[in-house]
Amino acid sequence: MDFELNETQKLFKDSARELFAQECPPAVVREMIESRQCYSEEFWQKLVEQGWTGLMFDEQDGGMGLGMVEMAVAFEEMGRALVPGAFLSTVALAGSLIQGACSPAYRAKRLGDIAGGKAKATVALLEESASFDTDAVRLAATAVDSGINLTGKKLFVPDASVSDYIITAARLGADIVLCFVDRNATGVTIKPMPSIDATRQLYEVEFNDVMVAAEDAMGNSPKARDALEHALDVATLAVSAEMVGGMQWIMDTSVEYAKTRKQFGKPSGQFQAIQHHCANMLLMTESARSAVYYAAWLMGNNPEQALVAVSMAKAYASDSYREVGNLGIQVHGGIGFTWDEPIHFYYKRAKASELMFGDATYHRERIAKLVMDGAGEPARAATRAGD
């Protein structure tokens with residue numbers, strides 16, 4: 001693999017940074033946080049105009065047909081700008097699930113609506129166990145003449161209030177079934193849940209005898225389960241890339257602050273303790289970036305070998321983003337704790353992202369299981385080949 005972005009990917013990275021600097025600057029992000037309206041239809045339409053809502057989809061489905069590395073580039077820049085909104089849940093999570101679970105005709109319709117800005121979507125997976133394991137799904141689905149009946153509750157559903165439909169994982173007997181539920185369907189109740197990250201809103205979604213038409217339910221258990229697990233891996237990779245972007249912003253901002261903030265008559269960056277903090281931030285940021293882009297390359301070239309790499313990237317990024325946030329606030333000193341400084345928004349995003357799609361402990365346990373089952377051998381062989 002090439003350890004550097006190619007020319008096209010670099011241009012894409014530059015255009016993404018320019019887009020967010022113009023359309024989602026820090027003042028706009030702060031305004032959205034303070035108004036508790038972390039979604040902007042105007043900004044969403046800007047993403048639609050740039051083709052971002054079809055970023056990862058095949059061209060025949062209305063997308064741009066870009067790969068996993070380009071996806072990582074996009075999410076790194078989003079994390080750097082602390083972009084709010086439903087992009088992660090709609091494109092990376094729901095979009096990947098639709099690609100893997102649906103028939104060609106149904107997939108083209110759903111993805112075409114997302115790419116064209118006509119629909120937003122999310123996935124409802126977590127329940128009281130708060131486990132991202134597909135075996136933990138317990139929400140009851142009952143087969144009826146007209147389709148599927150859903151009764152139960154999902155927790156921590158991202159962007160449910162602005163999504164046009166909620167792809168809900170349920171259990172039909174021993175099988176996993178994926179149901180496309182309209183947000184405004186009879187029997188659906190959506191309630192906000194408290195979240196440390198004000199840029200990413202979570203919801204409780206309750207289903208009370210909700211009817212789902214047969215054509216809107218994907219009931220092939222192995223295919224549905226495989227598609228769900230793949231979509232979770234894609235979303236996990238996207239969040240990990242987003243975390244790298246956040247780390248980069250904290251490090252850059254802290255270094256600039258250390259150059260200008262004077263203590264005892266000289267810039268604080270001249271003190272060895274501050275220099276060590278900045279060096280550690282650089283080490284963790286670059287290490288996380290390497291892990292993320294290696295996982296992205298594997299995901300795009302050989303997804304079967306990417307499972308261990310994705311979990312390695314998420315485990316490392318989860319620990320590193322939180323620690324980079326700690327160090328960044330220490331470099332800023334007391335002002336780092338104040339509302340007027342934006343660094344605390346990134347620190348809160350770090351803590352929320354650490355838990356999203358499984359924390360470091362969850363992914364280390366997953367790595368151990370994958371290696372014991374033999375899934376780690378291809379990734380380790382690829383790593384040795386690159387040494």
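**Salt bridges, cysteines and positive phi angles**

Me: Which residue forms a salt bridge with Arg-322?
Reply: A salt bridge is a side-chain nitrogen of Lys or Arg within 4 Å of a carboxyl oxygen of Asp or Glu. The closest N and O atoms of the pair are 2.8 Å apart, and the partner of Arg-322 is Glu-354.

Me: How many residues separate the two partners, Arg-322 and Glu-354?
Reply: Helices (H or I, at least four residues) and strands (E, at least two) are DSSP runs numbered from the N terminus. Arg-322 belongs to helix H9 (residues 307-332) and Glu-354 to helix H10 (residues 343-355). The pair thus links distant parts of the chain, with a separation of 32 residues.

Me: On what basis are such values reported?
Reply: The model is predicted: local features need pLDDT of at least 70, side-chain atom pairs count only at pLDDT 80 or more, and totals for chains, interfaces and linings use all residues. Residues are numbered from 1 along each chain as its sequence is written, and side-chain values use heavy atoms, leaving out hydrogens and water.

Me: Is Glu-354 buried or exposed?
Reply: Buried means under 20% relative accessible area, exposed over 50%, and partly exposed in between (1.4 Å probe, protein chains only). Arg-322, at 25%, is partly exposed. Glu-354 has a relative accessibility of 9% and therefore counts as buried.

Me: How many salt bridges does the model contain?
Reply: Some of them share partners, and these join Lys-13, Arg-17, Glu-76, Glu-77, Glu-286 and Arg-289 into one network. The count of salt bridges is 23.

Me: How many residues apart are Asp-61 and Arg-107?
Reply: Their side chains meet in a salt bridge with an N to O distance of 3.0 Å. Asp-61 sits in the loop between helix H3 (41-49) and H4, whereas Arg-107 is in helix H6 (residues 104-115). Both residues are buried. This pair, too, links distant parts of the chain, the separation being 46 residues.

Me: Which helix holds both Lys-259 and Glu-256?
Reply: The two side chains form a salt bridge at 3.4 Å, N to O. Lys-259 is exposed, at 52% relative accessible area, while Glu-256 is partly exposed, at 44%. Because they are three residues apart, about one helical turn separates them, within residues 221-260 of helix H7.

Me: How many disulfides are counted?
Reply: A disulfide is a pair of cysteine sulfur atoms within 2.5 Å. The sulfur of Cys-24 has its closest cysteine sulfur in Cys-38, 10.0 Å away, which is too far for a bond. Cys-38 is likewise in no disulfide, its nearest cysteine sulfur being that of Cys-24. The number of disulfides is therefore zero.

Me: What is the relative accessible area of Cys-38?
Reply: Cys-24 is buried, at 2% relative accessibility. Cys-38 is also buried, with a relative accessible area of 4%.

Me: What is the phi of Leu-82?
Reply: Leu-82 occupies the loop between helix H4 (68-81) and helix H5 (87-101). Leu-82 is buried, at 2% relative accessible area. Its phi is positive, in a residue other than glycine, and lies near 55°.

Me: Which strand contains Phe-156?
Reply: Phe-156 is not glycine, and its phi is positive, near 55°. Phe-156 is partly exposed, with a relative accessible area of 35%. Its strand spans residues 147-158 and is E3.
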